[in-house]
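Work through the exercises below with the sequence and the 3D view at hand. Each task is followed by a solution in steps.

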Amino acid sequence: MKRTALVVGASGIGGNYTARALLEQGWTVYGLARRPDTRMPGLLPVAADLLDPGGLAKALAEVAPTHVFITTWMRQETEAENIRVNAAMVRNLLDALSGKGTVRHVALVTGLKHYLGPFEAYAASGTLPDTPLRESQPRLPIENFYYAQEDEVYAAAARDRFSWTVHRPHTVIGMAVGNAMNLGTTLAVYATICKETGRPFQFPGSGAQWNGLSDVTDARMLARQLVWAADTDAARNEAFNIVNGDLFRWSWLWGRIADWFGVQSAGFSGSIQPLEAAMASDPPLWRDLAARHGVVEPDLDRLASPWHTDLDLGRPIEVMTDMAKSRKLGFSAYQATDESFFDLFAQLRAARLIP
């Protein structure tokens, strides 16, 4: 049966890699974004605003997907606004597709805040979650926009009788510009600035993160799991963690990243050293650096998201994820984490996003 994918958020990290993986397997792929990528060979761009139901319906009038991959969200000032806006985005999308009768499966990408709580309220439930994080752990007793997104998918699935999966990556490592959560590129930009200025490459996070075990999610791994779940009957109506499959300590990886860029590594200093503060005055420096080195993106804020990197690396506990659930069902992909970072850095350099 012909399979047609609608990748929502195709210009972001997860959506971009998912669209590429689907195209490689012969799917017809539409990529929806406010400013869709028109450069990816084979991708059919759809320009739409998920918060504009009328415009969204018009943009999707000729699109009849069998599978929908939701990989986007919009950050708001408060969690209440995160819930209102991001739930509406999912609801508007699925309402616009409801009358077509073609959707067989919807995949929603969320993340580990499902277990840890929203940005401003990590561990706000009063207890830190047990690690490794498992899909069987219940929702926290606090408001969380991921829960609101899930509930919109569940309600639409019951109404329109499609299957669903939820995918929960840790920090996603991959190349995209203008992404709100982009630790890998943020570290590449920070290391580049350190090399340019002679600053030490200072670890910005907590002692728990420096010394504890962690994992991340290569965007290619996320894409592989999304495609796998779309083709696996046993995966239907389940939530899955998705990480690379290895574990590391930042105390091991930090020096390897510093070596790649040829900068002086400085580890945990005994207290958190926020990257957002360290890079606050760097936009003019980056603009000058871009002009001198032929970097194609002079706007530092479109490449780096130090606020999010601070949240990830400042956690008071080590954070790692259990992958047993999808492994038991046959998902066997693996990615070495240091190579995830090095591959990204090489891609950024080849694309002239770093010198």
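The model is predicted, so local features need pLDDT of at least 70 and side-chain atom pairs count only at pLDDT 80 or more, while totals for chains, interfaces and linings use all residues. Residues are numbered from 1 along each chain as its sequence is written, and side-chain values use heavy atoms, without hydrogens and water.

**Exercise 1.** Describe how α9 (residues 250-261) and α15 (residues 337-350) pack.

Step 1. The angle between α9 and α15 is about 25 degrees, and their axes are 11 Å apart. Axes are lines fitted to C-alpha atoms over the stretch in contact, and angles run from 0 to 180 degrees between N-to-C directions.
Step 2. Angles under 35 degrees count as roughly parallel, therefore α9 and α15 are roughly parallel to each other.

**Exercise 2.** Is Arg161 buried or exposed?

Step 1. Buried means under 20% relative accessible area, exposed over 50%, and partly exposed in between (1.4 Å probe, protein chains only).
Step 2. Arg161 has 77% relative accessibility, so Arg161 counts as exposed.
Step 3. Arg161 lies in the loop between α5 and β6 (163-169); strands are DSSP runs of E with at least two residues.
Step 4. Phi of Arg161 is near 60 degrees, a positive value in a residue other than glycine.

Terms used:
Helices (H or I, at least four residues) and strands (E, at least two) are DSSP runs, numbered from the N terminus. Angles under 35 degrees count as roughly parallel, over 145 as roughly antiparallel, 65 to 115 as roughly perpendicular and the rest as oblique.
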